[in-house]
Protein chains: 2
Amino acid sequence: MAATIKDVAALAQVSVGTVSRYLNGYEVSEANKRKIDEAIRRLDFKLNPVARSLKTSKSMTVAVVVPALANIFSMSIIEGIERHLDQYGYSVIVCDSQSDVQKEKAKLQFVKDKYVDGVVIMPTGSDGTHITEVLGDELPAVLMDRLVEGAKLDAVLVDNVNAVYQAVERLITLGHRRIGMITGPKDIYTAKERQEGYRRVFVDYNLPMDENLIRYGDYTEDTGYKLMSELMRLDCPPTAVFVANYEMTIGAIMAVNEIGIQIPDQLSLIGFDQLELSKLIKPSLSVVVQPMAEIGQKAAEMLYQRMRGNCDNFPQVIRLKAHFIEGQSIKRL
Amino acid sequence: MAATIKDVAALAQVSVGTVSRYLNGYEVSEANKRKIDEAIRRLDFKLNPVARSLKTSKSMTVAVVVPALANIFSMSIIEGIERHLDQYGYSVIVCDSQSDVQKEKAKLQFVKDKYVDGVVIMPTGSDGTHITEVLGDELPAVLMDRLVEGAKLDAVLVDNVNAVYQAVERLITLGHRRIGMITGPKDIYTAKERQEGYRRVFVDYNLPMDENLIRYGDYTEDTGYKLMSELMRLDCPPTAVFVANYEMTIGAIMAVNEIGIQIPDQLSLIGFDQLELSKLIKPSLSVVVQPMAEIGQKAAEMLYQRMRGNCDNFPQVIRLKAHFIEGQSIKRL
DNA sequence: GATATAAATTGAATCGTTTCATCTAGGAGG
DNA sequence: CCTCCTAGATGAAACGATTCAATTTATATC
């Protein structure tokens with residue numbers, strides 16, 4: 001049906017080897033170049049990448065595995081990856097692990113069996129032994145957002161500790177002492193880091209910390225709502241609350257609205273991840289924002305280097321800065 | 001390196017043909033079944049999908065092309081597609097056309113040359129001749145969200161006309177007459193439909209319409225902001241505004257907040273697409289919400305049917321219902 | 001002009017499957 | 001016992017590229 005390299009060779013009156021070499025950018029005589037070009041044009045020849053993959057065992061495809069596709073964080077990162085890898089001719093397969101380690105493992109196996117050239121993973125859970133178990137150490141893989149135990153891999157992370165530190169420190173300097181924190185599961189890397197940032201402020205300022213004000217959710221809107229309600233129902237509720245991811249921030253705001261708490265008069269609030277939010281709600285929300293597109297771009301670049309065989313200082317961990325943006329949702333006590 | 005079907009055949013002492021037939025679900029004697037199973041297990045054999053693709057010219061991969069990846073609408077749909085197609089063993093390649101018809105065409109060509117088995121497209125622009133031009137009529141493709149001219153294709157759409165009708169009608173019954181509309185480009189299908197819904201209310205209620213209150217943006221946050229500001233700066237500003245997509249809704253709310261307009265006292269506002277918003281901001285926003293996951297799921301199912309050769313009543317257009325959810329952002333005049 | 005060297009070209013083998021024409025064995029029917 | 005079927009099994013020939021050892025052609029040197 002479609003023209004093959006043989007047809008081109010026949011029409012151009014050269015060997016298939018010559019056509020192949022020309023197609024792959026090797027030197028070919030001027031005369032042959034012209035003949036081949038002409039033949040390709042006349043036959044509307046398109047190289048069959050599947051056949052090529054079979055010989056080269058490169059599929060020019062990478063997979064991105066995330067705990068959930070339908071959220072801004074994943075998508076912005078994926079957009080960054082797609083955009084960056086596009087220029088090198090790679091395509092991006094997306095996989096949703098649905099925050100399920102078993103599913104994550106299955107998806108990794110699936111894409112590995114499909115001969116993708118590389119994988120970017122936002123791991124679900126804190127253990128990553130299954131990752132190397134499935135992928136081996138032949139197939140390049142880059143972690144993002146979260147580090148895992150049991151897998152030596154490149155990673156692109158965000159400096160959560162310091163970002164949270166800044167935010168909480170600001171609350172301290174505004175005079176707050178009872179500062180609530182709504183954070184993620186104890187076993188998730190980013191959640192641990194964000195807690196660490198919080199704790200460090202208290203240590204550095206030599207202030208007592210009330211463990212009861214730290215609430216562990218699961219990064220969903222629902223728990224954001226629930227935990228915020230809990231905090232505000234305490235006998236001695238916090239005067240400020242820091243929420244450690246986007247979805248929970250939404251939930252927390254919903255709770256605040258529902259209970260009828262005035263921000264910042266009755267409560268100072270700091271959210272996470274989305275600048276949009278900051279401008280959208282009234283009073284403007286103070287937030288810690290992550291450089292999402294940059295995470296994707298950096299992960300893609302790193303993976304690309306590994307795929308072309310560059311193994312310099314493996315495993316490499318890139319840490320990007322997050323920023324605290326102050327809005328009108330916090331107030332001096 | 002990795003075991004091939006030949007190794008399996010050798011170890012099991014049968015021919016490669018037999019192994020292949022077994023692998024593909026054809027009848028094989030009980031004894032051979034056992035021997036092959038055993039050999040596969042011992043060799044940890046994995047069928048090479050690239051080689052298979054070369055013979056079958058099926059890649060078990062579909063592409064999804066959208067104008068932008070990093071927005072809730074695209075992502076929710078892609079999540080729906082991925083989830084649905086996963087069960088059939090397909091993987092999903094994502095492509096960002098960046099709202100650029102040229103890029104869209106290039107991406108389509110790219111995935112076609114990669115031998116994907118099907119394509120789901122949220123087209124950018126109102127013309128779709130380039131789609132059939134590139135894809136031909138061999139490669140199954142379904143449109144979503146938007147219809148285009150010049151391409152006969154299956155499509156999954158949302159009944160924008162009636163959803164908007166409901167929302168605007170509600171404003172009318174609340175006594176509003178000067179109703180602003182911030183909508184999308186005149187040449188984009190959904191924007192046209194949403195305008196149509198708006199106009200129809202005025203016709204049906206036999207009310208005069210002020211064309212000056214209809215503002216055409218480009219579905220971005222920026223124009224939402226700009227157009228809302230413009231509307232409110234009119235000598236005789238609208239008493240209610242309907243914003244016809246998510247990003248512009250965000251922008252519009254930002255403008256409203258900035259100018260300091262009280263909602264719903266000074267202005268009734270209806271937004272689009274995201275239920276989250278409704279609950280998040282105060283007063284709760286009235287919104288028209290689309291069934292995003294369902295769009296993805298339906299598009300995937302349709303594409304799947306086409307890929308297996310089911311050509312019943314082509315081209316088929318499925319129209320899903322959107323819903324108007326009333327919040328506290330609108331008020332009787 | 002002869003020789004040495006480098007650069008292009010050739011075409012067959014290969015990647016790991018599927019497929020198809022051909023062959024085999026075993027059971028049914030007479 | 002022979003013939004006819006049929007369900008399974010066989011193995012070679014694709015699929016459409018790359019690659020490599022061998023060969024031809026071109027270029028440089030003396």
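Just after α2(B), the backbone does something worth a look: Gly25(B) takes a positive phi of about 85°. This is a predicted model, so take that angle as a computed value from a prediction. Thr18(B), Val19(B) and Tyr22(B) are the buried residues of α2(B). Looking down the axis of α2(B), you find these buried residues within an arc of 100°, so they line one face of the helix. What do the buried residues of α2(B) pack against? Their partners are α1 and α3 of chain B.

**Helix α1 of chain B**

Next comes α1(B), which runs over residues 5-12 and buries Val8(B), Ala9(B) and Ala12(B). Those three cover an arc of only 100° around the axis, which puts them on the same side of α1(B). Their cover includes α2 (16-23) and α3 (30-43) of chain B. On the face turned away from the buried side, α1(B) carries Lys6(B) and Ala10(B), both exposed.

Both ends of α1(B) have a detail to check. At its start, a side-chain oxygen of Thr4(B) comes to within 3.1 Å of the backbone nitrogen of Lys6(B). Just after the helix, Gln13(B) takes a positive phi of about 60°.

Most residues other than glycine have a negative phi, and most peptide bonds are trans.

| Residue | Where | Phi |
|---|---|---|
| Gln13(B) | just after α1(B) | about 60° |
| Gly25(B) | just after α2(B) | about 85° |
| Met60(A) | loop between α4 and β1 (61-66) of chain A | about 55° |

How accessible are the two chain A entries? Asp44(A) is exposed, with a relative accessible area of 54%. Met60(A) has 29% relative accessibility and counts as partly exposed.

In chain A, the bond from Phe314(A) to Pro315(A) is cis, with omega near -10°. Pro315(A) sits in the loop between α13 (292-307) and β11 (317-320) of chain A. Chain B has a cis bond from Phe314(B) to Pro315(B), with omega near -10°. Here Pro315(B) is in the loop between α13 (292-307) and β11 (317-320) of chain B.

Another loop residue to look at is Gln262(A), between α11 (246-259) and β9 (268-272) of chain A. Gln262(A) has 39% relative accessibility, so partly exposed is the label for it. Its C-alpha atom is separated by 9.6 Å from that of Pro283(A), which is 21 residues away along the chain.

**Chain A as a whole**

Zooming out, the secondary structure of chain A comes to 13 helices and 12 strands. Is the chain spread out or compact? The radius of gyration of chain A is 26 Å, well over the 20 Å that the globule rule gives for 333 residues, so chain A is more spread out than a compact globule. Along the principal axes, the C-alpha trace of chain A spans about 90 × 40 × 30 Å.

Still, 56% of the 333 residues of chain A count as buried. Take contacts in chain A between residues at least 6 apart in sequence: 68% of them join residues at least 24 apart. Chain A exposes about 14300 Å², and carbon and sulfur atoms supply 50% of that area.

**How the two copies relate**

Two copies of a chain are related by a rotation about an axis and a shift along it. The same surface serves both of them, as 100% of the contact residues of chain A recur in chain B.

Terms used: Residues are numbered from 1 along each chain as its sequence is written. Chains are lettered from A and ligands numbered from 1 in the order in which they are written. This is a predicted model: local features need pLDDT of at least 70, side-chain atom pairs count only at pLDDT 80 or more; totals for chains, interfaces and linings use all residues. Side-chain values use heavy atoms; hydrogens and water are left out. Contact means heavy atoms within 4.5 Å. Buried means under 20% relative accessible area, exposed over 50%, partly exposed in between (1.4 Å probe, protein chains only). Helices (H or I, at least four residues) and strands (E, at least two) are DSSP runs, numbered from the N terminus. The arc is that of the directions from the helix axis to the C-beta atoms. A polar contact is a pair of N or O atoms within 3.5 Å; within protein, one must be able to donate a hydrogen and the other to accept it, and residues adjacent in sequence count only if both atoms are side-chain atoms. The radius of gyration is taken over C-alpha atoms; the globule rule is 2.2 Å times the number of residues to the power 0.38. Accessible areas come from the Shrake-Rupley method with a 1.4 Å probe; for residues, only the protein chains shown count as cover.
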